[in-house]
Amino acid sequence: MSEKIMTENSAVTSNILKGKKGLVFGVANKRSIAWGISKAVSQHGAQLAFAYQGERLREGVEELAKTLPGHSPLYSCDVTKEDEVKAVYEKVEADFGSLDFLVHCIAFAKKEDLGGRVVDTSRDGFLLAHDISSYSLVTLVRGAEPLFEKAGGGSVVALTYLGSEKVVPNYNVMGMAKASLEAGVRYLASDLGKKNIRVNGLSAGPVNTLAARGIAGFTTMLENHRNRAPLGRNVELEEVGNAAFFLLSPLSSGITGEILYVDCGYRIMGA
Ligand code: NAP
């Protein structure tokens, strides 16, 4: 049943995002949520540029980008380096002129902080996780603002997880960073709404990616979700992509500062 739905969903195409240009942060490989989103928005006509962390990822991102229609500019950017963020937006302006949407799919925490006790989190580990996973949204939105203004508005989607509001074993410091990210979504949405710039969060159920595999007991997390979610399964990458497409497109023009749960219903369950 779910397979059939996914086949049909994947095939959905339109011109809703034709002529729209988007910048995507966080493609590491074909399993990345950022890649699932990229494929979805591309199927609706968007042109994309990709920012990846460091040259080691370039070849992989280049191979994936080649599978999309049109030319996709690629930029190297570590989001903790302000000069690299600034350089990316200069290149986006040169390549695209303006920008219609931004996809934030970036998170990182030290392995030792994704297990054990939160009480033992080091200051360094806390700051690193918050810098990469939360402050990066602020700096990336600030960089995008003038390019969104040139387009007459913009839409931002940042990926988050339920561990921001509920205690999920081993999610630990990332739960705190995601709570900060989600608050950022609301404050940024409030700052920029008058400029027709929308900022939303998408809270995905667990998806088997490189970053997720860094969390101790991730396989158990997937299993728990599957067993407890009303839909009785884990969320598919394509479903996260389709929901992000909705948030990035004019179809969601009245929505900002929200967190949309794409988790097969897991969050509504009390026990
Ligand atoms: P992923 O494929 O490993 O993507 C994470 C990305 O963040 C990678 O491309 C990674 O690059 C990048 N990144 C880390 N530090 C960076 C830095 N300093 N500068 C620039 N980029 C950096 O994993 P994912 O699961 O798709 O994660 C994407 C987003 O979805 C994250 O925000 C994650 O928290 C969120 N999310 C994931 C799940 C899930 O279950 N997978 C559920 C809900 C939300 P490197 O590979 O070079 O480190």
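Trainee: Helices (H or I, at least four residues) and strands (E, at least two) are DSSP runs, numbered from the N terminus. Which helix is K66 found in?

Mentor: K66 belongs to helix α3, which covers residues 58–66. Before you go on, this is a predicted model, where local features need pLDDT of at least 70, side-chain atom pairs count only at pLDDT 80 or more, and totals for chains, interfaces and linings use all residues. Residues are numbered from 1 along each chain as its sequence is written, and side-chain values use heavy atoms, with hydrogens and water left out.

Trainee: Okay. Is K66 buried or exposed?

Mentor: K66 is exposed, because its relative accessible area is 60% (buried is under 20%, exposed over 50%, partly exposed in between, with a 1.4 Å probe and protein chains only).

Trainee: What does the side chain of K66 make a polar contact with?

Mentor: The side chain of E63, at 3.3 Å. A polar contact here is a pair of N or O atoms within 3.5 Å, one able to donate a hydrogen and the other to accept it.

Trainee: Now E145. Where is that one?

Mentor: In helix α5, residues 123–151.

Trainee: And why does E145 count as buried?

Mentor: Because the relative accessibility of E145 is 19%.

Trainee: Which side chain is joined to that of E145 by a polar contact?

Mentor: That of K195, and the contact is 2.5 Å.

Trainee: How many residues apart in sequence are A271 and R228?

Mentor: They are 43 residues apart in sequence, while in space the C-alpha to C-alpha distance is 8.1 Å.

Trainee: Last topic, the ligand. How many residues surround the ligand?

Mentor: There are 28, each with a heavy atom within 4 Å of the ligand. S32, I33, R56, V207 and T209 are the closest.
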